[in-house]
Amino acid sequence: PSWFDEIGAQPPIEVFEMNKAFLDDTDPIKVSLGIGAFRTEEGKPWVLPVVKQAEKAIVEDPAMNFEYLPILGLESFTNAATRMLVGADSAAWQEKRAFGVQSISGTGALRIAADFLSTVVPNITKIVYISNPTWENHRLLFLLAGFNEVREYRYWDAQKRGLDLQGLVEDLHAAPERSVVILHACAHNPTGVDPTQEQWKKIVEVVKERKLFPVLDSAYQGFASGDPDADAWAVRYFVSQGVEFVCAQSFAKNFGLYNQRVGNLTVVTNNAATIPNLKSQLTIVVRGNYSNPPAHGARIVSAVLNDPTLTEQWKGHIQTMSGRMKAMRGLLREKLEALKTPGSWKHLTDQIGMFAYTGLTVKQCQFLIDRHHIYLLKSGRINVCGISPKNVDHVSKAIYEAVT
Ligand code: PLP
């Protein structure tokens, strides 16, 4: 007998399972629209040239070593990450009311946030609100951190293929005071639909009125508009309204550092005097989780963001990546319309960022996988980087077949 005899299996994680199925598929026609990683026109991963350059200098530095980082991470990185988010000219930065904690990518930042809210901040309800739909890991993260309940707020209006602002505001209005709400800072995953500035103002209003604690999730800064500053507008609006929040930042996508696990949790407080205590509490959260973070990726991001020339180069790479996403949205729409595929495909180009929420049904998605070796999530979410001028005819004809 074993301690483990009675343990059943959990369902697989769809996006990773799908990626494995894609890699195992031997048909040369296969297309991956699943996993959320940038791809070149040749369907290949892209190591950003500025990242390569920065890495080379780090590796060749004779002073480089593998000593532990401090528990809260590499300060030159956390400062640069926080500044890139809130903006050097924001009140929070100027008044030294914002600081960062290095994390195991965006996921790790969310987990630090969840642990911190669950165990440190007094009188939080342990109810967390997530958008319907959202990145599927939000729920699991907060439950594992000790939250009792995950509630959904309305976000996606399937009819109009856009934001259900009224539903969102109503649901947050009905939330118990001191609940936590997760909001995507930009380039919402999976819908590709962000609130407008006017809509954000309404959201911030209800957050203030209901005394909700915002956890912002910024996994795609730069991918929505092509400009990292423009993409931080919502976050900076929270700052301008005097709302306290934490924001999980991922450098997986916008630096192409997926497996390096580079992230930051930015904390914005209205009282700078609270920071030493907050840092000491967050130190305990991190210490009890993984003790201290890895250095390599953080050194790379720090080198880029602390050097104006390298930062400009990186912004160029962001333009390249977001430009390709935009172009592929347009191309797919054009091909589907040329084929007279039933339905409107305007939403493909209305949506922004890496993902398009196609509106395809589970059955139609399964058909694309089984018949055409085109891998996508059952929600109908596709990574538009998976599209290329070479495969767009195959993909659009397959979608045409799926919906007719
Ligand atoms: N948040 C959202 C909305 C995401 O889409 C992702 C990645 O797909 C993450 C957070 C975290 O990603 P990572 O842990 O790779 O930085």
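The report below covers the sheet, one of its strands and the ligand surroundings.

This is a predicted model: local features need pLDDT of at least 70, side-chain atom pairs count only at pLDDT 80 or more, and totals for chains, interfaces and linings use all residues. Residues are numbered from 1 along each chain as its sequence is written.

**Annotated region.** An unreviewed UniProt entry carries the annotation "domain: Aminotransferase class I/classII large" for residues 29–399. Such annotations may be inferred rather than shown by experiment. Over residues 29–399 the chain is 44% helix and 15% strand. The end C-alpha atoms of that stretch are 15 Å apart. Helices (H or I, at least four residues) and strands (E, at least two) are DSSP runs, numbered from the N terminus.

**The sheet.** Seven strands form an open sheet with mixed pairing, in the order E2-E10-E9-E8-E7-E3-E4. Its edge strands are E2 (98–104) and E4 (149–154), each pairing on one side only. Neighbouring strands are turned by 25° against each other on average, direction ignored. Two strands pair if DSSP finds at least two bridges between them. Axes are lines fitted to C-alpha atoms, for helices over the stretch in contact (C-beta atoms, placed from the backbone, within 7 Å). Angles run from 0 to 180 degrees between N-to-C directions.

| Pair | Sense | Bridges | A bridge partner pair |
|---|---|---|---|
| E8 and E9 | parallel | four bridges | Leu216 and Cys247 |
| E9 and E10 | antiparallel | six bridges | Ser250 and Gly263 |

Ala248 also stands opposite Leu265 in E10. Helix H10 (residues 233–240) lies across E8, E9 and E10, running at about 155° to E8.

Is E9 buried or exposed? Six of its six residues are buried, that is, 20 or more other C-beta atoms lie within 10 Å of their own, with C-beta atoms placed from the backbone. In a regular strand the side chains alternate between the two faces of the sheet. In E9, Phe245, Cys247 and Gln249 lie on one side, and Val246, Ala248 and Ser250 on the other. Both faces are covered.

**The ligand shell.** Near here means a C-beta atom, placed from the backbone, within 6 Å of the molecule. The residues around the ligand are Gly36, Ser105, Gly106, Thr107, Trp135, His184, Asn189, Asp217, Ala219, Ser250, Ala252 and Gly263. They divide into three nonpolar, eight polar and one charged; Gly counts as polar. Helix H5 (residues 105–119) gives the largest share, three residues. Ser250 and Gly263, the bridge partners named above, both belong to this shell.

Terms used
Contact = placed C-beta atoms within 7 Å. Buried ≥ 20, exposed ≤ 12 C-beta atoms within 10 Å, placed from the backbone.
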